[in-house]
Amino acid sequence: MSIPPRESNHSALSKRAELSLDRPPRAPLAGIVFGCVLALGLVGWTGVRIRAAKSVQAELGNRRTDDARRAAQEAAAPQPVHVVRGISETWQPVVEFEGSLAAAQAAELGFKVSGRIASVRAKLGDIVKTGALLGTLDASEAAAQVRSADAQQRAAQAQLTLADDNASRTAQMVQSGAFSEASGVQSSQQKSLALAQLDAAKAAVGLAQVNLGNQTLTAPFQGTITRVPTGIGAVVSPGAVQFELLDLGTLKLKGSVGEADANLVHVGSSVAITGERGEVQGTVSAVLGAVDPATRRVPIEALIDNKNDKTSLRAGTFVRARVLGGAPIPVLRVPHETLRPGSQDELMVVQNGKLVSKHVAFSIAKDGSLFVRFGLDPSDDVLLLPKAEAQTGDRVAVQAGATP
């Protein structure tokens with residue numbers, strides 16, 4: 001038995017190895033199958049999710065459609081409401097308003113000319129009468145001007161006397177023929193000149209006397225001194241305020257009322273102010289015929305008698321007053337809850353199952369209810385607790401029974 005040589009076996013193995021390297025690698029069959037199954041499962045799972053999402057979306061759309069249909073039905077259905085009718089009453093018109101008090105007369109006083117303050121004759125808080133002396137300036141210079149003007153007037157008077165005498169004698173000489181007519185005209189003109197100079201001198205005297213009078217300051221009306229100079233010796237300018245005078249015996253009340261309430265206030269109507277010290281009476285002195293564009297209210301003024309020391313008021317204070325508007329008038333009383341929120345004068349009434357807006361004029365009673373003067377009929381069914389968004393034409397259904 002012969003043994004093959006080793007070289008031949010080694011050659012065979014080498015050939016087999018070369019053949020195996022030349023062939024491409026093959027994937028395992030199990031891996032391919034697993035990949036296909038995984039891909040099919042993913043596609044199936046995605047389809048299921050898509051079908052579920054579409055189902056949810058369709059259900060949500062149907063629900064929204066039902067909600068919209070239900071909301072439309074509810075909106076179209078009449079809203080249940082409660083109504084009241086106004087109660088006919090007779091009301092004594094009373095218009096309340098707020099305002100500020102000021103002195104009926106007030107003056108800031110100063111000297112008409114410049115000068116040095118020589119005296120102060122009034123003290124802070126003094127009640128002075130008309131014409132009372134308040135203060136003076138140093139009048140020595142003004143007095144000297146008066147004396148100088150008076151001397152010039154006397155000199156002008158003497159010149160006029162001489163000119164008049166000369167004119168009389170010249171006229172006689174002209175008539176006798178001793179002097180020419182030209183001499184008579186000249187003497188007559190000299191007399192006219194002397195007369196004009198006398199008039200000028202008199203005017204100068206009057207001006208100097210007026211200037212002397214301007215060195216004193218007097219009260220133009222009766223009142224209370226609320227400002228005085230701090231002392232004497234100071235040099236003041238013309239018109240600089242040195243004294244302040246207020247007439248506090250009569251105060252002026254300035255305020256405003258609503259457009260509708262203005263029809264209840266008339267010049268001469270009684271005004272009452274109740275303060276801590278009692279009630280003070282007055283009368284309306286002015287009701288403007290125009291509405292303030294900024295506040296949409298009508299300005300009014302009243303004069304308040306403030307001479308009673310027991311109930312006197314102070315100027316500059318803020319008060320609440322009421323005006324009695326004359327004879328009683330018929331009104332309709334309705335609850336305050338009928339006023340539409342956000343509106344100042346609008347009520348909603350029910351007519352033929354629908355809301356109708358009405359603008360009314362009213363005053364507020366002490367209990368808060370409304371006294372409607374016009375704009376509402378006794379037969380009107382007035383809506384209670386109206387909504388702010390309520391509009392004319394809204395359908396409603398009036399509910400019977402107790403009101404809310």
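Trainee: What percentage of the residues in the protein is buried?
Mentor: Keep in mind that this is a predicted model. A residue counts as buried under 20% relative accessible area. Among the 404 residues in the protein, the buried share is 29%.

Trainee: How many helices and how many strands are there in the protein?
Mentor: Both kinds of element occur here. The count is four helices and 22 strands.

Trainee: What share of the contacts joins residues 24 or more positions apart?
Mentor: Take the contacts in the protein with a separation of 6 or more. Of these, residues 24 or more positions apart account for 75%.

Trainee: Which strands stand at the edges of the open sheet of four strands?
Mentor: The order in this open sheet is S2-S21-S17-S18, with antiparallel pairing. An edge strand has a single partner strand, so one of its sides is left without a neighbour in the sheet. That applies to S2 (83–84) and S18 (354–359).

Trainee: Which residue is the bridge partner of Val350 in S18?
Mentor: Start with the pair of strands. S17 (residues 346–351) and S18 are antiparallel, with six bridges between them. In S18, the partner of Val350 is Leu355.

Trainee: Which residue in S20 is the bridge partner of Arg333?
Mentor: Look at S16 (residues 329–334), which pairs with S3 (residues 87–91) in the antiparallel sense over five bridges. There, Ile87 stands opposite Arg333. S16 is also joined to S20 (residues 370–374) by three bridges, again antiparallel. In S20, the partner of Arg333 is Phe371.

Trainee: Which element gives the largest share of the largest nonpolar core?
Mentor: This core has 25 residues, and those with the most contacts inside it are Leu101, Leu253, Val271, Ile273 and Ile304. The elements that give two or more residues to it are S4 (94–109), S11 (243–258), S12 (270–275), S13 (278–287), S14 (297–305) and S15 (318–324). The largest share is four residues, and it comes from S14.

Trainee: Which residues does Leu253 touch?
Mentor: Leave out residues up to four places away in sequence. The partners are then Phe97, Gly99, Ser100, Leu101, Val271, Ile273, Ile300, Glu301, Ala302, Ile304, Val319 and Ala321.

Trainee: How many residues are in the other core that lies apart from it?
Mentor: Val113, Val128, Leu137 and Phe243 are among its members. In total, this other core has 16 residues.

Trainee: Which element gives the largest share of the lining of the largest pocket?
Mentor: The largest pocket has a volume of about 980 Å³. Of its 29 lining residues, the closest to the centre are Gly258, Asp261, Phe362, Ser363 and Ile364. Two or more lining residues come from each of S4, S11, S19 (361–364) and S20. The largest share, four residues, comes from S19.

Trainee: How does that lining divide into nonpolar, polar and charged residues?
Mentor: Sort the residues of the lining of the largest pocket by class. They divide into 14 nonpolar, seven polar and eight charged.

Trainee: Which strand gives the most to the lining of the second largest pocket?
Mentor: This pocket holds about 480 Å³ of space. Of its 16 lining residues, the closest to the centre are Ile127, Thr224, Leu248, Gly249 and Asn306. S9 (223–227) and S11 each supply at least two residues of the lining. With four residues, the strand that gives the most is S11.

Trainee: Is Ile127 buried or exposed?
Mentor: Ile127 lies in S6 (residues 127–128). Not counting residues up to four places away in sequence, Ile127 touches Gly223 and Thr224. Its relative accessible area is 65%, and the cut-off for exposed is over 50%. Therefore Ile127 is exposed.

Trainee: Where is Arg296 found?
Mentor: Its backbone is worth a look. Most residues other than glycine have a negative phi. Arg296 has a positive phi of about 60° although it is not a glycine. Arg296 is found in the loop between S13 and S14.

Trainee: What is the phi of Leu385?
Mentor: Leu385 is found in the loop between S21 (381–383) and S22 (396–398). This is a residue other than glycine, and its phi is positive, near 50°.

How values were computed: Residues are numbered from 1 along each chain as its sequence is written. This is a predicted model: local features need pLDDT of at least 70, side-chain atom pairs count only at pLDDT 80 or more; totals for chains, interfaces and linings use all residues. Side-chain values use heavy atoms; hydrogens and water are left out. Two strands pair if DSSP finds at least two bridges between them. A nonpolar core is a set of buried Ala, Val, Leu, Ile, Met, Phe, Trp, Tyr and Cys residues joined through side-chain atoms within 4.5 Å. Buried means under 20% relative accessible area, exposed over 50%, partly exposed in between (1.4 Å probe, protein chains only). Contact means heavy atoms within 4.5 Å. On a 1 Å grid over the protein atoms alone, a cavity is a set of points where a 1.4 Å probe fits but cannot get out, and a pocket is an open set with protein on both sides within 12 Å along at least five of seven lines; lining residues have an atom within 4 Å of a point. Grid points are joined across faces, edges and corners, and a volume is the space filled by probe spheres set on the points. Ala, Val, Leu, Ile, Met, Phe, Trp, Tyr, Cys and Pro count as nonpolar, Asp, Glu, Lys and Arg as charged, and the others, Gly among them, as polar.
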